[in-house]
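This report describes a structure for a reader who has not seen it before. Its parts are taken up one after another, chain by chain.

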Amino acid sequence: MNDYTPPDGYRGALLERLVKEGLRTWSVVRATKGNAVFEGILLPRSAHTDDRILNLKTQDTYYNIGILIDDNVKLEEIGYREGHYKVPDVEAEYKKELPDVTLLGTGGTVASRLDYRTGAVLPAFTPQELFSAVPELMDMVNLSPKILYQILSENFTPEYWVQTAKAVAKEIEGGADGVIIGHGTDTMGISSAYLSFALKNLPVPVVFVGSQRSSDRPSSDGPYNIMNAASLAGYGDLAEVVVCMHGTTSDNYNLIHRGTRVRKMHSSRRDAFRTISDIPLGKIDLDQNITFFKNDVAPRQKGREDFILDAKYDDRVAMLYSHPGMHVDMLHGVLDKGYHGVIIIGTGLAHVGSNMYEPLERAQEMEIPVVMVVQPMFGYAQLRVYETGREMLARGAIEGGNMLPETAFAKLIWTLGHTKEIEEVKKMMQTPYAHEITQSEPNRGYSFFQGIEPGIDNFYERM
Amino acid sequence: MKAELPSNLNYDKIGFKVGIEFHQQLLAPDHRGYSDKFPLDEYGSKLFCPCPAVIRESEPDIRIKRQLRALSGETGEIDISAKFEQKKQQNIIYEAYSDSNCLIELDEEPINTVNPEAIFRASVIAKRLFNLKLVDEVIICRKTIVDGSNVSGFQRTSIIAVGDNNSFIDVKGKKIGVYLACLEEDSAKNIGYEKGSRVFRLDRLGIPLIEIATSPDMTTPSEVTDVASRIGSLLRSTGYVKRGLGTIRQDLNVSITGGSRVEIKGVQELDMLETFVTNEAIRQMRMIELQKELKSRGFTAEHISKIIIKDVTANFKSVKHKLIKSSIEKGKKIIGFSLPLFDKLIGLELQPNYRVGTEFSEIAKVAAQAGGIIHSDEISEYGITTETLNQLKTDLKCEDQDGYAILIGTEIMAQKTVSMIQAVLNLWLNGIPNEVRAPRVDGTSGYLRPLPGGARMYPETDLPPISITSDFIERINAVEIEFPEDRLIRLQKDYNLSSNLSEKLVLDPRLAIFEKIVSNTKVNPVLVATTILETIKSLKRDGFELNLTDDNLLELFSEYETNSLVPSVLLPLLESFSKSSDKSFKELIILEGLTSLDDEQLIQIIDEVFETNAAEISEKGMRVMGLLMGQIMTKSNNRADGKKVSQILKERLSN
């Protein structure tokens, strides 16, 4: 047995025992424990679990079971049956009449598989496998899937945003009619904000998409999101960075959100992505009909000569969340550590406690920009209304308008990549480039139903 | 081939074997959660979310629409039955209730950890009643089911115990092996179709189920009933299970020599089990004959691939038959398809009144929600002219030995139907397929899907495995288990209950409150049992609304004792409670003047009655006893103790 590899995930005495018996992953094992006989395929084991337990997939019922192995249990290999995880790759045929769309995979749950060792969902699907899972895509667009990274969205850094922006630019310059970015949902809204700034004068749609419910479940929202995203990228008369995710809990329609105005507002629901302080850009239904709700949508451009990749960045930016009893050293610490800019998510109209005046003054002296955005998420930073705000303005605090905190964070990183000159930074931060600050907020931009409004049952049913 | 069914089956000779998968909803209150509206002790909780396990009567207020698609399991294969279901891809509508369902049932949130009471109760049942060996670690698996009955697209299930050669139950002197106990979540209830979408309701989804699987040790139909009945009694004797309609479902695995393991899924009625297994044995016998005949006709995969589908609506324009005529008027199409080499075989009876054609009809229903098909062996009953039929045969290129059928609906429906018929016929080439069949009301079963394989099972990713600790096992061992037959003897001995009362009480969910009342008060157990089992029932039958909780019953009998009441006031007291259940029994006793009489009051009433009836008494003597008794009871508002009255009357009348 020269090519023997010990089974994955086992440790300690049980691992020694398995090695001694020559048992491998995919060995068909018979474990005899007193009167009871268990037979099944030896499966890899999750790392953070009881190290005395052997995992078998039973061969009659196909259930997975765990058996505690001690010296009284007899183990023997009675066969070997290797599993193959891979879904067959489906090669799509190029159709001249269909638009060319690139799918850049970055990981996340739109493209994830299951991992035995942790028993959890991890990115593992190759984009090609998408065709096997969602064959409809082949008839919608000529989709070229490319893997950029396979990382969870919480592991994204500004460096990844920049690389993603560059990859998108390359596709656009290469003639793609649209680009889709498969992205983990946790930080999708921040990546989409950065790309909104970094990709100027876009000629085609750049669509972020993911799945809230893991792709290892038949009910996943992933397949519909990707179909809608493909259709939007291929056919939508739109040239902006957008997020395309479920509009309701039903598989009914997807909303199209501006990359700078969108936020994940629920930890698990399909319809977690919401446009904040505005109405969404549009929607796309199951028959791939696209409807725009805003009249300032940037239309698709034929020529690509105006397109500019402006993916500069400086990731020395901190983000603080103002809270009662916040200690001054939170901000001092940021200044001490040499950060180049700070976003503070202030209470109400964007306030901090008066004890923070002192470190604000210090930031002002150091010419470190401190940008204020609002904790309520909806509405504008207004530092002229109360005394506190005025005191803050006097100490150089920059009002961030109605920028979402994460959008302001991405924008400051982008801005500081262009200039460190404080007045210039302030000017850029207060100039809207991609609808991150809007002139005014429509009344319908704040739609927080409480579930008790008259007629709401009927309303939800119609949704 | 004749369409007559065999009678008097020799079950030994045909190698008849049945195993049961007995599914029973568990009553498992998870007190990490709460529900004001549906007390958890009464309804129990769901397996993976904090919701009460309550089946609703009212109209749902949530409606959502979803679609499902099959994925590959952990071995990389897409399960055969899941693939099959996917062919039927369509919208699914889910209905739910804001006050008893949550985001977990809507598959909008990862599941909670397993309801600890469910895993405990299931383990007690598995280990203590069936002598199964508990696994050391419970691994929740996902069983892919994309027919819509599970919102997630899979049913969560886990093995909690497995059998060895000491795991069996004794049924009428025969050992029936038990090989598996699983803890799983119940599926959503299919409540029909709406514009081509399947509609499911989520009140049932997630209710914990224990599955007890027996070995195929039953060799006659009556044994199946006996075994199911025994398993049911054992489960009910624990008080750990939910009661009532729909809480038990059985999957019957039937096979005969030369046949295959076929599962009849979800049979609810105990008294229908024999019919289902008998009909399945017959079906497998007939299938063997049918396949032999097809083989002799030279039936191959090539014939199956050559089925012709054609829109033949025009041929039927002048047909007078009501169904056909009105369908065409409504714009439906008549689609014909050929069934090569099936001439005279489509009418073959597979089960009583269930022909090969019925099987194809069932497939049409499953595949395309088509109303069914009309096949060549029955089409003459529709008053269609020979010319029309001949034209149809020509259009479908049917030769002498070929059969055909028509479907009323759309071309897509016909395509879906034929594609599934082809899939099934291909399986028929290799003997009787392992399949899952749905019970029909008449005791036959209709085609549902192929028997699922292993590729549909993979571990639940949202929950790590659960270790079975030694503390947990100690708790399981500490539970007092009383088998129903032992309990029956104890009830008769300890409480002096008649065999009738004790048999009624032995598996009754109110046994616990009965025992509590009897131990907390000195009220005669026979009176308590009679009240709980009979008086209340008869009052309900008479139209009184009586919803008595355990606490109500306990209060009733403690007040009965405290106030030294007599049995005859129970009826009026309960009647009064049904009208004003917001009042306590204590209040009602005073309000209705039901307090017991002291001796002085009683004697006074008796004196009065003697006075009024003086003439009769002197004339008839002892024979007026009944008359006097009645008057005394009425006058005392039933508060007089009958025994005492009768004693006094006897004494006075004999003087």
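Among contacts in chain A between residues at least 6 apart in sequence, 70% join residues at least 24 apart. Two residues are in contact if their C-beta atoms, placed from the backbone, lie within 7 Å. This is a predicted model, in which local features need pLDDT of at least 70, side-chain atom pairs count only at pLDDT 80 or more, and totals for chains, interfaces and linings use all residues. Residues are numbered from 1 along each chain as its sequence is written, while chains are lettered from A and ligands numbered from 1 in the order in which they are written.

Chain A has 463 residues, of which 49% are buried. A residue counts as buried if 20 or more other C-beta atoms lie within 10 Å of its own, as exposed if 12 or fewer do, and as partly exposed in between, with C-beta atoms placed from the backbone. The secondary structure of chain A comes to 12 helices and 23 strands; these are DSSP runs numbered from the N terminus, helices being H or I with at least four residues and strands E with at least two. The C-alpha trace of chain A spans about 80 × 60 × 50 Å along its principal axes.

The mean pLDDT of chain A is 90, and 92% of its residues reach 70 or more; pLDDT is the predictor's confidence in each residue, from 0 to 100. Over residues 115-124 of chain A, pLDDT stays under 50, and the model has 35 contacts beyond four places in sequence for them. Where pLDDT is low, the predicted coordinates should not be read in detail.

Domain bounds come from an automatic or database domain assignment. Those of both chains are tabulated here.

| Chain | Domains (residues) |
|---|---|
| Chain A | domain 1 (12-80), domain 2 (100-309), domain 3 (317-430) |
| Chain B | domain 1 (14-294), domain 2 (300-428), domain 3 (482-591), domain 4 (599-654) |

In chain A, the C-alpha centres of domain 1 and domain 3 lie 58 Å apart. In chain B, 35 Å separate the C-alpha centres of domain 1 and domain 3. Five residues of domain 1 of chain B are in contact with seven residues of domain 3 of chain B.

Between the chains, 46 residues of chain B are in contact with 41 residues of chain A. On the chain B side, the elements giving two or more residues are strands S2 (62-66), S6 (141-144), S7 (154-162) and S23 (457-459) of chain B. S2(B) gives the most, with four residues.

Helix H11 (residues 411-428) of chain B has 18 residues and reaches 25 Å from its first C-alpha to its last, close to the expected 26 Å, which is 1.5 Å times one less than its number of residues. Its buried residues include B:Met413, B:Val418, B:Ile421 and B:Leu425. The buried residues of H11(B) pack against elements of chain B, among them helix H9 (356-368) and strand S20 (403-409).

Most residues other than glycine have a negative phi. A:Gln288, not a glycine, has a positive phi of about 65 degrees. A:Gln288 lies in the loop between strands S17 (282-285) and S18 (290-292) of chain A and is partly exposed, with 16 other C-beta atoms within 10 Å. B:Lys172 also has a positive phi, near 50 degrees. B:Lys172 is in the loop between strands S8 (168-171) and S9 (174-185) of chain B and counts as exposed, with 10 C-beta neighbours inside 10 Å.
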